[in-house]
Amino acid sequence: MIALAIDLGSNSIRALKVDCNTKETLGTFHKTVRTADGLNRTKKISQEALKRVIDALKEADKKLDFKSAKIKAVTTEALRQALNSKEILEEIKRETGVEFEIINGDDEAKYALTATKHRLQKLNINPKSFVLVDIGGASTEVIFSYPKKAIFKSFSIGIVTLTQKFSSLEEIRENISKEVEDIKRFVQDTYKKHGRVEEFIAIAGTPTTIASLKLGFTYKTYNPEKIHGTALSMKDLDIQLKKLLSMSKDEKIEAVGVGREDLIASGVLIFKELYKILDFQKSIVIDDGIREGVAYNLCK
């Protein structure tokens, strides 16, 4: 069977086509669509964002040929929050034929965890326990994996919604510790009940972009296989953020891609807070996420 997984996030859309028998990747697609653009203010998905999503899906169809595969398409926090999610998803289906399922934070965490465990095995990294952090456009998932159980929670803080909540990076800096207060309580409670974990794993756009900058890639030369397993310290975050902020707009777009240049800085501030809250000096970055988890699940 050929499986095609589509993940419409709050900032980007990602698709993956795999041969379930051989486990071979037949194609991937990734585009920034800023689904959650304006959501903080209007509580709705904008018509501009809808058009970007539809255009991206049509582009992905040309590249991956949707008709040749069994499709599972999921979407997350932006559509969970939006008051007009039903109309938006109906319009997407009408225009592209793709029917999206709005998944809850628990399912989102399970898919991310499945993908991460697969990748850690391939990398021969075998911690008995770890914490996985998925920093999205409108939500952040914190997932603890212990030998006999997983504990997870989704928080309504993401790089798009945080950027649009405040007027400047300085203002975000001033307010960030207050914004992650709920995450701090959850982590402290989990550590108290179940103990610390061995590794800190980070997925999604902010960690992978910082890893990419550290390794000297641009948006066009980005190589996920080289990103998997990259270690990032808090100092790495500071160095790459400083480098990014000193770039011109064109240089930023070349480095991180169109539509992301103003969001990565907010993501780094969330990421840094997570190091402090989780009490880790380094994280391990993985490029896989919900998309891969959905594909593995579909193959089952």
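Which side chain meets that of Asp 37 in a salt bridge? Select Asp 37 and Arg 52: their side chains form a salt bridge with an N to O distance of 3.8 Å, where a salt bridge is a side-chain nitrogen of Lys or Arg within 4 Å of a carboxyl oxygen of Asp or Glu. Asp 37 belongs to the loop between β3 and α1, whereas Arg 52 is in helix α2 (residues 47–64), so the pair ties together parts that are 15 residues apart in sequence. Helices (H or I, at least four residues) and strands (E, at least two) are DSSP runs, numbered from the N terminus. Asp 37 is partly exposed at a relative accessible area of 25%, and Arg 52 is partly exposed at 29%. Here buried means under 20% relative accessible area, exposed means over 50%, and partly exposed lies in between (1.4 Å probe, protein chains only).

Two conventions apply throughout. Residues are numbered from 1 along each chain as its sequence is written, and side-chain values use heavy atoms, with hydrogens and water left out. This is a predicted model, in which local features need pLDDT of at least 70 and side-chain atom pairs count only at pLDDT 80 or more, while totals for chains, interfaces and linings use all residues.

**Further salt bridges**

Next, select Arg 80 and Glu 108, whose side chains meet in a salt bridge at 2.9 Å, N to O. Arg 80 lies in helix α3 (residues 77–81) and Glu 108 in helix α5 (residues 105–122), so this pair ties together parts that are 28 residues apart in sequence. Arg 80 is partly exposed, with a relative accessible area of 26%, whereas Glu 108 counts as buried at 4%.

Move to Arg 94 and Glu 91, a salt bridge whose closest N and O atoms are 2.3 Å apart. Both residues are in helix α4 (residues 85–96), three residues apart, and are thus separated by about one helical turn. Arg 94 is exposed at 60% relative accessibility, and Glu 91 is partly exposed at 21%. Then select Arg 14, Asp 287, Arg 291 and Glu 292, which salt bridges with shared partners join into one network. The count of salt bridges comes to 24.

**The five-stranded sheet**

Colour the strands β3-β2-β1-β4-β5 in that order: these five form an open sheet with mixed pairing. Its edge strands are β3 and β5 (100–102), each of which pairs on one side only. Two strands pair if DSSP finds at least two bridges between them. Neighbouring strands of this sheet are turned by 20° against each other on average, direction ignored. Strand β4 (residues 70–75) pairs with β5 in the parallel sense over three bridges; select Ala 73 to find its bridge partner in β5, Phe 100.

Axes are lines fitted to C-alpha atoms, for helices over the stretch in contact, and angles run from 0 to 180 degrees between N-to-C directions.

**Strand β6 and its partners**

Select β6 (residues 130–135), in which six of six residues are buried. Phe 130, Leu 132 and Asp 134 are buried on one side, and Val 131, Val 133 and Ile 135 on the other. β6 pairs with strand β7 (residues 140–145) in the antiparallel sense over six bridges, and the two form a hairpin with four residues between them. In β7, Ser 145 is the bridge partner of Phe 130. β6 also runs parallel to strand β9 (residues 199–203), joined by five bridges; there, Ile 201 is the bridge partner of Leu 132.

**Positive phi values**

Most residues other than glycine have a negative phi. Select Lys 23, in the loop between β2 (12–19) and β3 (24–32): its phi is positive, near 65°, and the residue is exposed at 61% relative accessible area. Arg 34, in the loop between β3 and α1 (39–42), has a positive phi of about 50° but counts as buried at 15%.

Finish at helix α13 (residues 264–278), where 14 of 15 residues are buried. Just after α13, Asp 279 takes a positive phi of about 65°.
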